[in-house]
Amino acid sequence: EEVAEEPAAEEASDDLIVVGYAQVGAESDWRTANTESFKTTFTEENGYQLIFDDAQQKQENQIKAIRSFIQQEVDYIVVAPVVETGWETVLEEAKEAGIPVILSDRMMDVSDDSLYECWVGGNFEKEGADAAAWLKTYLEGQGRGDEEINIVTLQGTIGASAQVGRTDGFASGMQDNWVMLDKQTGEFTQSKGQEVMESFLKQYPDIDVVVCENDNMAFGAIDAIKAAGKTCGPEGDITIISFDAVAAAFDAMIAGDLNAAFECNPLHGPRVAEIIQKLEAGESVEKIQYVDEAYFDTSMDVAAIKETRAY
Ligand code: GYE
């Protein structure tokens with residue numbers, strides 16, 4: 001069929017479900033996989049028109065995008081909120097316009113949860129707690145269960161639910177003999193992760209463990225550690241763990257640079273499509289939907305596991 005260049009959106013919306021996706025940005029491999037998942041799911045062949053917006057990690061851009069979706073009278077608004085707070089006003093506007101809002105990936109902290117239909121994403125707090133539990137077992141296995149262990153954390157974007165959950169979850173598993181020397185944000189990017197790790201290494205000569213709140217910051221931290229003449233990974237001076245478990249994290253485990261990766265699944269496109277189909281059919285949807293997640297470390301056959309992974 002023929003579609004004219006300009007009025008494409010309006011014409012298409014006659015039979016296609018129009019979805020506006022307010023995406024966080026393009027800060028990490030995880031994010032790239034998440035964007036890809038939405039773009040390959042919300043296609044015209046599948047009955048959708050996707051209006052995609054990249055907010056470059058700025059909440060103000062996301063609010064603008066949501067307002068433009070409202071103006072374009074989309075059928076559904078999907079938001080992966082950069083940070084947890086500050087959404088009431090724009091969600092009220094969507095509600096006023098009668099447009100359902102679905103949250104995906106990160107969570108919002110709003111007083112009135114009827115402002116969104118539902119949320120689907122990873123259990124960040126559990127991921128953080130799992131990482132601490134893994135570290136405890138790992139150190140015990142090395143006979144270091146009672147040693148003083150110096151830890152630093154490269155945090156995600158401050159106020160993002162992925163940051164808050166992972167920080168709190170890990171804190172809940174801290175042992176009496178573990179010392180959290182410092183925590184600083186690396187904004188979920190490799191370059192900022194490297195920068196912050198460089199300054200940690202200058203400030204703290206005796207770091208035992210680095211917790212990275214995503215894989216990309218771990219890649220930056222590994223570069224910083226090597227540049228400082230130190231080593232990391234299972235055979236190295238510094239134990240380093242991260243969240244997401246993207247393909248490049250498997251490469252880092254295979255190379256012996258990264259100890260463990262705690263999975264966070266980015267493939268939310270089909271999950272959100274399923275939610276939309278249910279809402280279209282007038283069915284109810286579960287308000288909070290956690291995705292099952294695992295972890296991987298170098299005691300496993302990470303090369304073989306990598307082959308089975310979709311991101
Ligand atoms: O861990 C990180 C990305 O919100 C779970 O955002 C997501 C996080 C993910 O930048 O890599």
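In what order do the 6 strands of the open sheet with mixed pairing stand? In this predicted model, the order is E7-E6-E8-E9-E10-E12. The edges of the sheet are formed by strand E7 (178–185) and strand E12 (295–297), each of which pairs on one side only. On average, and with direction ignored, neighbouring strands of this sheet are turned by 15° against each other.

The protein chain as a whole contains 11 helices and 12 strands. Its radius of gyration is 21 Å, close to the 19 Å that the globule rule gives for 311 residues, so the chain is as compact as a globular protein of that length. Along the principal axes, the C-alpha atoms of the protein chain fill a box of roughly 65 × 40 × 35 Å. Buried residues account for 46% of the 311 residues, and, among contacts between residues at least 6 apart in sequence, 73% join residues at least 24 apart.

Helix H7 (residues 190–203) lies across E6, E7 and E8 and runs at about 150° to E6, whereas helix H8 (residues 215–227) lies across E6, E8, strand E9 (239–244) and strand E10 (260–263), running at about 155° to E9.

Strand E9 is largely enclosed by the rest of the structure, because 6 of its 6 residues are buried. In a regular strand the side chains alternate between the two faces of the sheet. In E9, Thr239, Ile241 and Phe243 point one way, while Ile240, Ser242 and Asp244 point the other way, and all of these residues are buried.

Helix H9 (residues 247–254) carries the buried residues Ala249, Phe250, Ala252 and Met253. These residues cover an arc of only 160° around the axis, which puts them on the same side of H9. The cover over the buried residues of H9 includes H8, E9, E10, E12 and helix H11 (302–307), so that strands of the mixed sheet, E9, E10 and E12 among them, contribute to it. H9 is followed by Gly256, which has a positive phi near 85°.

A second open sheet, also of 6 strands, has the order E2-E1-E3-E4-E5-E11, with parallel pairing. Strand E2 (48–54) and strand E11 (288–290) stand at its edges, and each has a single partner strand, so one side of each is left without a neighbour in the sheet. Neighbouring strands of this sheet are turned by 20° against each other on average, direction ignored. Between E4 and E5, which run parallel, there are 3 bridges, and the bridge partner of Leu103 is Trp119 in E5. Helix H10 packs on this sheet, touching E1, E3, E4 and E5, and its direction makes about 155° with that of E5.

The length of helix H10 (residues 269–280) agrees with expectation: at 1.5 Å a residue its 12 residues should span 16 Å, and its end C-alpha atoms are 16 Å apart. Gly269, Val272, Ala273, Ile275 and Ile276 are the residues listed as buried in H10, and they cover an arc of only 160° around the axis, which puts them on the same side of the helix. The buried residues of H10 pack against strand E1 (17–23), helix H2 (29–41), strand E3 (76–79), strand E4 (101–104) and strand E5 (118–121). After H10 comes Gly282, whose phi is positive, near 75°.

The loop between helix H4 (88–96) and E4 contains Pro100. With 18 other C-beta atoms within 10 Å, Pro100 is partly exposed. When neighbours within four places in sequence are left aside, Pro100 is in contact with Tyr76, Glu117 and Leu279. Pro100 and Leu279 are 179 residues apart along the chain, yet their C-alpha atoms are separated by 9.3 Å.

Key. Residues are numbered from 1 along each chain as its sequence is written. This is a predicted model: local features need pLDDT of at least 70, side-chain atom pairs count only at pLDDT 80 or more; totals for chains, interfaces and linings use all residues. Helices (H or I, at least four residues) and strands (E, at least two) are DSSP runs, numbered from the N terminus. The expected span of a helix is 1.5 Å times one less than its number of residues. A residue is buried if 20 or more other C-beta atoms lie within 10 Å of its own, exposed if 12 or fewer, and partly exposed in between; C-beta atoms are placed from the backbone. The arc is that of the directions from the helix axis to the C-beta atoms. Two residues are in contact if their C-beta atoms, placed from the backbone, lie within 7 Å. Two strands pair if DSSP finds at least two bridges between them. Axes are lines fitted to C-alpha atoms, for helices over the stretch in contact, and angles run from 0 to 180 degrees between N-to-C directions. The radius of gyration is taken over C-alpha atoms; the globule rule is 2.2 Å times the number of residues to the power 0.38.
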